[in-house]
Protein chains: 2
Amino acid sequence: MSSTSKIGRVGRRMALVLSALGLLTVAAQAQTDPLPSWNDGAAKRVIVAFVTDTTTAGRPGFVPHAERIATFDQDGTLWVEKPMYSQILYCLDRVPAVVKARPELANVEPFKTVMSGDREAIARLPLEDIEKILLATLSGMPVDEFVAEATKWLDTAKDPRWKRPYTDLTYLPMQELLRYLRANGYKTYIATGGGQDFVRVYAERVYGIPPEQVVGSAGATKYGYGKDGKPFLTKEPKLLLNDNDAGKPEGIHLMIGRRPVAAFGNSTGDREMLEYAWAGGGPRLSMLVLHDDAAREYAYGPAQGLPESRVGTFTQALHDEAGKNGWTVISMKNDWKRIFSFEP
Amino acid sequence: MSSTSKIGRVGRRMALVLSALGLLTVAAQAQTDPLPSWNDGAAKRVIVAFVTDTTTAGRPGFVPHAERIATFDQDGTLWVEKPMYSQILYCLDRVPAVVKARPELANVEPFKTVMSGDREAIARLPLEDIEKILLATLSGMPVDEFVAEATKWLDTAKDPRWKRPYTDLTYLPMQELLRYLRANGYKTYIATGGGQDFVRVYAERVYGIPPEQVVGSAGATKYGYGKDGKPFLTKEPKLLLNDNDAGKPEGIHLMIGRRPVAAFGNSTGDREMLEYAWAGGGPRLSMLVLHDDAAREYAYGPAQGLPESRVGTFTQALHDEAGKNGWTVISMKNDWKRIFSFEP
């Protein structure tokens with residue numbers, strides 16, 4: 001038998017097998033709901049219609065594979081942001097080590113208040129003081145040392161309400177959405193106001209999002225050489241990118257260079273990112289997570305009469321803009337069957 | 001027949017077919033040289049050994065798929081950088097339009113010299129003046145307008161020596177190397193001192209490198225709204241990242257967040273990037289392209305007695321460091337069978 005006819009036979013047999021597998025796959029897909037933790041409602045229907053429209057060849061809204069970019073805020077959108085962003089809790093926990101290394105800070109505010117352990121006073125610290133704490137605790141060390149410390153903290157620190165590591169507190173419906181988008185050729189990015197280096201430590205393990213797809217507030221680093229002559233990078237107390245508000249689309253342009261087709265947030269800090277994605281033409285998805293489930297998670301945001309909150313402010317103005325633009329508001333209470341993977 | 005045994009039969013048949021295909025693939029690979037434009041020499045051997053070591057499961061130097069990051073300088077490494085970086089030529093060509101919009105610049109240096117058309121005087125402009133020209137011509141317009149203008153220029157401008165678009169002047173051996181690395185699971189990045197937005201305009205078409213994998217010198221953008229209420233980004237005259245020298249590893253950390261396993265450059269501006277990749281532990285590849293072929297391209301760089309050059313300086317110190325570290329210097333003259341795809 002010539003090798004050509006051998007290849008021909010192999011080819012024909014493979015075609016048979018592949019078409020049989022194809023049928024099996026179609027049958028399996030019809031039975032498998034990609035978003036099982038979502039109730040059947042408007043939010044779920046909008047997501048499925050968007051993915052179908054943008055990934056089915058021949059449809060007017062078809063988006064080429066390379067342009068399928070989806071950006072997600074993190075705090076309050078992918079995981080719990082109450083009672084405080086977990087990165088701020090990390091920085092507060094780091095204060096004693098910083099004060100030990102720089103004892104002159106012990107009597108200087110806001111370090112004095114943090115060292116006092118007075119939880120209520122700490123919770124009342126104004127934003128400027130929080131920023132001072134972030135700068136002091138997130139810079140001055142080699143990048144590798146920072147990664148090691150943040151990893152250790154994430155492995156041991158626990159959320160006071162659920163008594164679990166913070167990385168357990170991601171929303172199962174959003175994890176399903178990330179996987180569903182990726183299964184349909186979307187590159188999923190985090191665009192967070194939190195620290196880029198901090199989120200990169202766990203994003204791959206927790207969300208399946210690699211470091212190079214995490215855009216966040218970012219400080220400068222400085223290249224230098226150790227005593228052994230080996231080069232390393234030191235984290236500097238200089239902010240390069242404040243990835244909040246207008247900083248989100250600006251950061252997305254800097255780091256990705258493409259306009260997202262889909263964007264997800266939960267607060268006024270995400271407004272410009274959602275506008276930017278929405279304005280791109282063709283089918284777009286801009287969605288906001290509304291925290292309206294005090295029993296299973298939290299309820300906050302002045303829209304719909306929910307109590308105001310220091311973090312994740314979902315204002316009436318944002319609610320109005322969402323309504324006017326046709327963005328979809330996800331009700332945690334009504335749209336999500338389950339919230340956490342560890343709860344039924 | 002039960003459906004389980006049907007699937008079992010399909011699975012067994014598929015396994016047979018796949019193993020037959022596997023054999024065919026191995027046979028095909030043995031016959032196909034992934035780097036046909038490279039002469040058989042040390043440089044080619046080093047590359048093939050590195051790829052084999054880092055991608056063969058079970059070898060001590062095996063690098064997991066997600067960590068396979070390779071960074072390439074562009075000017076002088078992936079394409080011709082003489083007589084001047086093509087982005088500078090683009091900016092010089094943009095000066096008349098800028099002066100038309102801002103007539104007060106007509107009598108101000110360095111714009112006056114550029115408007116005079118005196119090529120020798122333009123070639124002598126100091127770096128500070130070039131920077132002024134870059135800032136004035138690369139900022140102040142919406143991002144979309146910049147992309148349209150750069151695209152138009154790249155479609156029409158021609159290199160004076162080869163009378164071809166600049167995007168034709170990429171090195172065929174390096175294009176083969178990019179494809180070879182990608183075929184083996186490497187994510188290929190450009191890390192250029194040139195403008196990130198400029199290189200992103202053509203990198204996907206020319207190198208198969210998408211915008212999100214181009215790291216370069218980057219200016220700030222500013223989010224705002226047009227008269228129609230639609231948001232857009234304007235390029236600002238503020239440098240966020242100078243992606244040269246120490247700025248290369250710093251920019252790689254900012255934009256990628258992983259240390260490259262392989263890095264490629266051709267000048268002192270790439271030194272820190274090559275050091276950073278090299279210091280990572282395990283098998284590493286740090287390579288420098290030496291321009292020593294005046295007949296087929298150019299010959300410059302004081303190392304090995306080549307003439308000094310304003311761009312792409314390959315100094316004796318860099319040559320010494322390469323030798324000491326065990327980096328491989330690629331001789332364009334000896335290692336490359338062909339240089340351009342349009343030449344035999």
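**Salt bridges between two chains, and a sheet in chain B**

In this predicted model, the side chains of B:Arg258 and A:Glu212 meet in a salt bridge, with 2.9 Å from N to O. This pair crosses between chains: B:Arg258 sits in the loop between helix 10 (247-255) and strand 5 (262-265) of chain B, while A:Glu212 belongs to the loop between helix 9 and strand 3 of chain A. Both B:Arg258 and A:Glu212 are buried. For A:Glu212, the relative accessible area is 8%, and buried means under 20%, so this residue falls within that class.

A:Glu212 also takes part in a salt bridge with B:Lys187, where the closest N and O atoms are 2.8 Å apart. Here too the pair joins two chains, because B:Lys187 lies in strand 2 of chain B and A:Glu212 in the loop between helix 9 (196-207) and strand 3 (214-225) of chain A. As a general point, side chains of opposite charge can pair when their charged atoms come close.

A further link between the chains involves B:Glu204 and A:Arg258, whose side chains meet in a salt bridge of 3.3 Å, N to O. It runs from helix 9 (residues 196-207) of chain B, which holds B:Glu204, to the loop between helix 10 (247-255) and strand 5 (262-265) of chain A, which holds A:Arg258. B:Glu204 is partly exposed, its relative accessible area being 33%, whereas A:Arg258 counts as buried at 12% relative accessibility. A:Arg258 and B:Glu204 also belong to a network of salt bridges that links them with A:Lys187 and B:Glu212. Over all chains, the structure holds 34 salt bridges.

Attention now turns to the strands of chain B. Strand 2, where B:Lys187 lies, spans residues 187-195 and runs parallel to strand 1 (residues 69-72), to which 4 bridges join it. Within this pairing, B:Ala70 has B:Thr188 of strand 2 as its bridge partner.

Definitions and conventions
Residues are numbered from 1 along each chain as its sequence is written. Chains are lettered from A and ligands numbered from 1 in the order in which they are written. This is a predicted model: local features need pLDDT of at least 70, side-chain atom pairs count only at pLDDT 80 or more; totals for chains, interfaces and linings use all residues. Side-chain values use heavy atoms; hydrogens and water are left out. Two strands pair if DSSP finds at least two bridges between them. A salt bridge is a side-chain nitrogen of Lys or Arg within 4 Å of a carboxyl oxygen of Asp or Glu. Buried means under 20% relative accessible area, exposed over 50%, partly exposed in between (1.4 Å probe, protein chains only).
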